[in-house]
Amino acid sequence: MLIFGSGIAASLTKIMTASFSFSREATQDTSQMGMYLARAAVEVAEGILPFLILLFVSAIAGSVALGGWLFSTKALAPKFSRMDPIKGLAKMFSLKSLVELIKAIAKVSLVVAVAVLIIHSQLPTLIGLADQNVISAMETASKILGWGFFYLACTMIVIAMIDVPFQIFDHTKNLKMTKQEVKDEFKDTEGKPEVKRKIRQLQMEMAQRRMMQDVPQADVVITNPTHFSVALRYKPEEDAAPILLAKGHDQVALKIREIANEHDVEIVEAPPLARSVYHHAEIGQEIPS
């Protein structure tokens, strides 16, 4: 207003002058009304357009500086959930609403304090307006109002310096997931632990069934009579070393021995060798040297 105020005032002066200065013939011609209105509109546009452009650029620049450029029509779409009175009451009595109320009170208090200081500092000049003529008094009052609004606007800078970092912090905090949300996302991406445990159990059971099916093909089963059993196949023309077909301990070891007995597979008791093969060899691979 301080920059463009004089231009706006000049445009208004021209409009007022033109509106009250017309020929007698113009009063008899109804088409003149539209012409006068058009000229007045042009004068108004020339006066306030720079001011409106500045406001438009400032509004866009402020938003872009804070949150970056983001154009979306989603915010314009009607959202009936915003009209829910229950949710509205919940927002009114939430912690966030309390914080916003405290911020609003602080903002108003700061602006009022600055306004009181401005009026107090300009009080002698305001009282002196009564001794000036109308034109001079209007100019002085306009300057006081202009600079007063300017100083009031500057208080918003102080508020923004406090509020903007808080808003960024609060926004970043709200974007973070809670521990429960992290757990739920992990379950969704990695699968539920109980499901994975069940899958591993089924895989082990299938592997054991395949392993038991290979025991009849073994040439020998080496056992530690009470704990371990390993079934080996050895074909000198194909294998560099014996191949481990099956291995197990406790109940699985007993099952391997039962299948070996059913299919007349040689069983040899060699506890150290059985334990060594069990711990160092993998099923389907040659026993290590």
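View 1. In E2 (residues 228–233), the bridge partner of Val221 is Ala231. The model shown is predicted: local features require pLDDT of at least 70, side-chain atom pairs count only at pLDDT 80 or more, and totals for chains, interfaces and linings use all residues. Residues are numbered from 1 along each chain as its sequence is written, and side-chain values use heavy atoms, with hydrogens and water left out. Strands E1 and E2 pair in the antiparallel sense over 5 bridges, and a hairpin of 3 residues joins E1 to E2. Two strands count as paired if DSSP finds at least two bridges between them. Helices (H or I, at least four residues) and strands (E, at least two) are DSSP runs, numbered from the N terminus.

**View 2. Strand E1 beside strand E4.** E1 also pairs with strand E4 (residues 266–269), here in the parallel sense and over 4 bridges. In E4, the residue opposite Val221 is Ile267.

**View 3. The side chains of strand E1.** In a regular strand the side chains alternate between the two faces of the sheet. From E1, Val220, Ile222 and Asn224 point one way, whereas Val221 and Thr223 point the other way. Because 5 of the 5 residues of E1 (residues 220–224) are buried, the strand is largely enclosed by the rest of the structure. Buried means under 20% relative accessible area, exposed means over 50%, and partly exposed lies in between (1.4 Å probe, protein chains only).

View 4. Helix H4 (residues 95–121) comprises 27 residues. From its first C-alpha to its last, H4 reaches 39 Å, close to the 39 Å expected at 1.5 Å a residue; the expected span is 1.5 Å times one less than the number of residues. The buried residues of H4 are Lys103, Val114 and Ile118. These buried residues pack against helix H6 (134–175), where contact means heavy atoms within 4.5 Å.

View 5. Side chains of opposite charge can pair when their charged atoms come close. A salt bridge is a side-chain nitrogen of Lys or Arg within 4 Å of a carboxyl oxygen of Asp or Glu, and by this rule the count comes to 5 salt bridges. In one of them, the side chains of Lys103 and Asp163 meet at 2.8 Å, N to O. Lys103 lies in H4 and Asp163 in H6, so this pair ties together parts that are 60 residues apart in sequence. Asp163 also meets Lys107 in a salt bridge of 3.8 Å, N to O. Because Asp163 lies in H6 and Lys107 in H4, this second pair ties together parts that are 56 residues apart in sequence. Lys103 is buried at 14% relative accessible area, and Asp163 is buried at 16%, whereas Lys107 is partly exposed at 29%. Glu100, Lys103, Lys107 and Asp163 are linked in a network of salt bridges.

**View 6. The salt bridge of Arg233 and Asp239.** The side chains of Arg233 and Asp239 meet at 3.4 Å, N to O. Asp239 is buried, with a relative accessibility of 9%.

**View 7. A nonpolar patch on the surface that includes Trp69.** The patch is formed by Leu49, Ile53, Phe56, Val57, Ile60, Val64, Trp69 and Phe71, which together have about 870 Å² of accessible area. Patches consist of residues with over 30% relative accessible area and no salt bridge; like charges are joined within 9 Å, and nonpolar side chains (Val, Leu, Ile, Met, Phe, Trp, Tyr) within 5 Å. Accessible areas come from the Shrake-Rupley method with a 1.4 Å probe, and for residues only the protein chains shown count as cover. Trp69 is located in the loop between helix H2 (31–67) and helix H3 (85–92). With a relative accessible area of 64%, Trp69 is exposed.

View 8. Asn261 lies in helix H9 (residues 251–262) and is exposed, at 52% relative accessibility. Asn261 and Pro216 are 45 residues apart in sequence and 9.3 Å apart in space, C-alpha to C-alpha. Pro288 is found in the segment after helix H10 (271–280) and is partly exposed, with a relative accessible area of 47%. Leaving aside its neighbours within four places in sequence, Pro288 is in contact with His280 and Ala281. Pro288 and Ile243 are 45 residues apart in sequence and 9.7 Å apart in space, C-alpha to C-alpha.
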